[in-house]
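I opened this model to look up a few places in it. My notes follow in the order I made them.

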Amino acid sequence: MPFAWNLPYLSVFLAMVTAILLSVLPGAKRAYWLTVGVSAAVTIMSLIFLSFIVRADASYAFTMGKFPAPFGNEIKFGPLQGLFASVFAAVMCLSLLGGREELFEDVDEKKMGLACVMFNMILASLLVLTYTNDAFTAYVFIEISTIAACALVMIKDSGPTLVATIRYLFMSLLGSGLFLFSVILLYAITGHLLMPQLTGSVAKLMADGSYAKVIALILAMMTAGLGVKSAMFPFHRWLPDAHGTATTTSSAVLSGLVVKGYAVLLMTMYCRVFTLDTVRSFHIHDAVFALGFCGMILGSVMALRETHAKRMLAYSSVAQLGYVFMGIGLGTPAGIAAACFQILAHAFTKPLLFVSVGRLASAVGHDKQLRALRGTAWSCPLAGLGFGIGALSMVGIPLFGGFAAKVNFSTASIFGDEKIALTLFVLALSSILNALYYLPAVINIWSDRRPDALKAEKDVTATAAIILLACGVLFLGLRFTPVMDLIVRGLELM
C-alpha cells in the first residue's frame, strides 16, 4: 500500500505514545514543547495525507492488526476525515501556543507533564473519533476524551474549577452511558461492531420491518448521548462553568475541538451506519433541528446577559453548536455539509477569541470581567484585532468564516422542504443576537486608553497563534467554495 495510507494510524500512535512517555519524563518546559511538536507533526502528516487522498479521490479502510472483520479493528479515511484531522491538529497546536503564558502561570510546574499527557490524549481521541470504523472503539475514545477533558478543566486547581469539573464529569458520564447502551443494543440485534457490517445489517432489518422500535430507540439514545457530550441544548449547563473557569489553552481546546469530535461521530453514525433515510423515517432529525434552533437563540440570550468574557464566549459556543445541530436536523446531505463547515469555522474562531481574551486580560491582572477589559486593546493591539476578527466572524460579517457558514446553511435550507422559512428566520435572529453582545464587546476593548492598564509583554508564540488562527478564519471566509466542494465529496465517499 502507499505509505500515505499509514499516516492516519501513525498520527494516533504518535499522540498516544507521547502521552505515555510524558507521564514519566521530567521537566515542564520539555513536556510542553514536546506536546506542541507532536501536534505540529500530526498537522503536517494530516496535510500530507489530505493532499494524497484528494488526488486519489477515494476513501480507504485500514485494518489494524492481523484479524480481519468482524473481529478486527478498522479506521476509515477519506477527504473529509483528512480535512477534519488537519484542522483539529492545527488548532490544538495553535491553542497550546496561544495560551502558553497563562498555562505556565495557572498550572503547577509539577503538574505540567500530566497536563500535557491530557492534551495528547485529547488529540488522539479526536483523531480516532474522526477516523474510526468501529462503534465500540468510538466509545472507548469517548471515555478517554472525557477523562482528559475533565483533567484539563481542574488542572488550574481552584475551587470553581473543581466544582465545574464535577458537574462536567457527571454530565459526560451520562452521555457516555447513553452511547454505550445504544452500542450494546446495536450489537445485540446485528452481531457486529464494525460500521460496514452494521450498515448492511441495519439496512436488512429496516427492509424486513423487524426491530424498528429498537432501532428508533438506539438512534434516540445515541443522539441524546452524543448531544450531552457536545453541549446540545438543553444539556449545555456544564459548558459555561467548565470553559469559563479553565485556563486559556484548556478553554480553547475544549470549546474549539473537544465538543466537535462528538458531533463528527454523530454525523458519521448517521451517514455511514444508519443512513439519513432511516434517521428521517423516525423523525429523529426533527428533534435535533428543534434543539439546535433553541440552542442558537437561548445560547445567545444567555451570552447577552453575561458580564464575564470567557463565560460569554462559552454561552456563545452553545449557540454556535446549535448551528451544527440545526444543519444535522435538516436531514439532508446539504445540511450535513453545512454543519461540517460550521465545525471548521468555529474550530478556528473560538480559540482565536479565547486566546485574544487571555492576552487582553494579562494587561489588567488576568481579570476577565468585561468591564475590566475596557480599553485593553490599546495595550495589546494584536489581541484586540484578533478578538475583533473573531467577533465579526461570529456575527456573520462578509469575508469571515462565520458568514460563509451562514451562507451554507441558507443554501442547505432550500433542500429542507418545510424548514426553509424557519431556518432563514432563526439564522437572521441569531445573527442579530450575536451582534448585540459581540459588537459592544469589541467597542469596549477599543474604548479610551486605560492609564492603569499594563502594556502586554511580547509573546512570540501567542502572536503567531493569533495571526494563524485569524488567517484560518479569513481563509474559510474567502475560499469557502473549494472547502465546501471538498466536504461534499468527502460525504459522498463516506
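This is a predicted model: local features need pLDDT of at least 70, side-chain atom pairs count only at pLDDT 80 or more; totals for chains, interfaces and linings use all residues.

**Entry: threonine 146**

I began with threonine 146, which lies in helix α6, residues 135-154. Is threonine 146 buried or exposed? Its relative accessible area is 1%, so I put it down as buried. Next I listed its contacts, leaving out residues up to four places away in sequence. Threonine 146 touches Leu169, Ser172, Ser176, Lys229 and Tyr262. I then looked up glycine 175, 29 residues from threonine 146 along the chain. The C-alpha atoms of these two are separated by 10.0 Å.

**Entry: the loop between α9 and α10**

I went on to the loop between α9 (212-229) and α10 (238-245), where I found proline 234. The peptide bond that leads from phenylalanine 233 to proline 234 is cis. Its omega is near 5°. Alanine 231 sits in this loop between α9 and α10 too. Its phi is positive, near 60°, and it is not a glycine. I noted both cases because most residues other than glycine have a negative phi, and most peptide bonds are trans. Alanine 231 has 1% relative accessibility, so it counts as buried.

**Entry: threonine 275**

I looked up another positive phi. Threonine 275 has one of about 75°, although it is not a glycine. Where is threonine 275? It lies in the loop between α11 (248-274) and α12 (276-281). With a relative accessible area of 31%, threonine 275 is partly exposed.

**Entry: helix α14**

I turned to α14, residues 309-329. It has 21 residues. From first C-alpha to last it reaches 30 Å, close to the 30 Å expected at 1.5 Å a residue. How many residues of α14 are buried? I found 20 of the 21, so the helix is largely enclosed by the rest of the structure. Glycine 331 follows α14, and its phi is positive, near 70°.

**Entry: the nonpolar cores**

I searched for nonpolar cores. The largest has 162 residues. Which residues have the most contacts inside it? They are Phe274, Ile328, Phe387 and Ile487. Helix α15 gives the most to this core, with 17 residues.

I then followed isoleucine 328, setting aside neighbours within four places in sequence. Isoleucine 328 is in contact with Leu266, Met267, Tyr270, His285, Val288, Gly335, Ile336 and Ala339.

**Entry: helix α17 and what covers it**

Helix α17 runs over residues 401-413 and has 13 residues. It reaches 19 Å from its first C-alpha to its last, close to the 18 Å expected. Its buried residues include Gly401, Ala404, Lys406, Asn408 and Phe409. What covers the buried residues of α17? I found α14, α15 (333-361) and α16 (381-395) among the covering helices. The cover also includes α18, α19 (460-478) and α20 (480-492).

**Entry: serine 430**

I picked serine 430 from helix α18, which spans residues 420-445. Its relative accessibility is 0%, so it counts as buried. Not counting residues up to four places away, serine 430 touches Met296, Ile297, Ser300 and Tyr323.

**Entry: cysteines**

I searched the whole structure for disulfides and found zero. Cysteine 116 is buried, at 1% relative accessible area. For cysteine 380, the closest cysteine sulfur is in cysteine 471, 16 Å away, which is too far as well. Cysteine 380 is buried, with a relative accessible area of 10%.

**Entry: cavities**

I found three cavities of 30 Å³ or more. Which residues lie nearest its centre? Of the 13 lining residues, they are Gly98, Glu101, Glu102, Gly358 and Arg359. Helices α4 (100-106) and α15 each supply at least two residues of this lining.

Technical notes. Residues are numbered from 1 along each chain as its sequence is written. Side-chain values use heavy atoms; hydrogens and water are left out. Helices (H or I, at least four residues) and strands (E, at least two) are DSSP runs, numbered from the N terminus. Buried means under 20% relative accessible area, exposed over 50%, partly exposed in between (1.4 Å probe, protein chains only). Contact means heavy atoms within 4.5 Å. The expected span of a helix is 1.5 Å times one less than its number of residues. A nonpolar core is a set of buried Ala, Val, Leu, Ile, Met, Phe, Trp, Tyr and Cys residues joined through side-chain atoms within 4.5 Å. A disulfide is a pair of cysteine sulfur atoms within 2.5 Å. On a 1 Å grid over the protein atoms alone, a cavity is a set of points where a 1.4 Å probe fits but cannot get out, and a pocket is an open set with protein on both sides within 12 Å along at least five of seven lines; lining residues have an atom within 4 Å of a point. Grid points are joined across faces, edges and corners, and a volume is the space filled by probe spheres set on the points.
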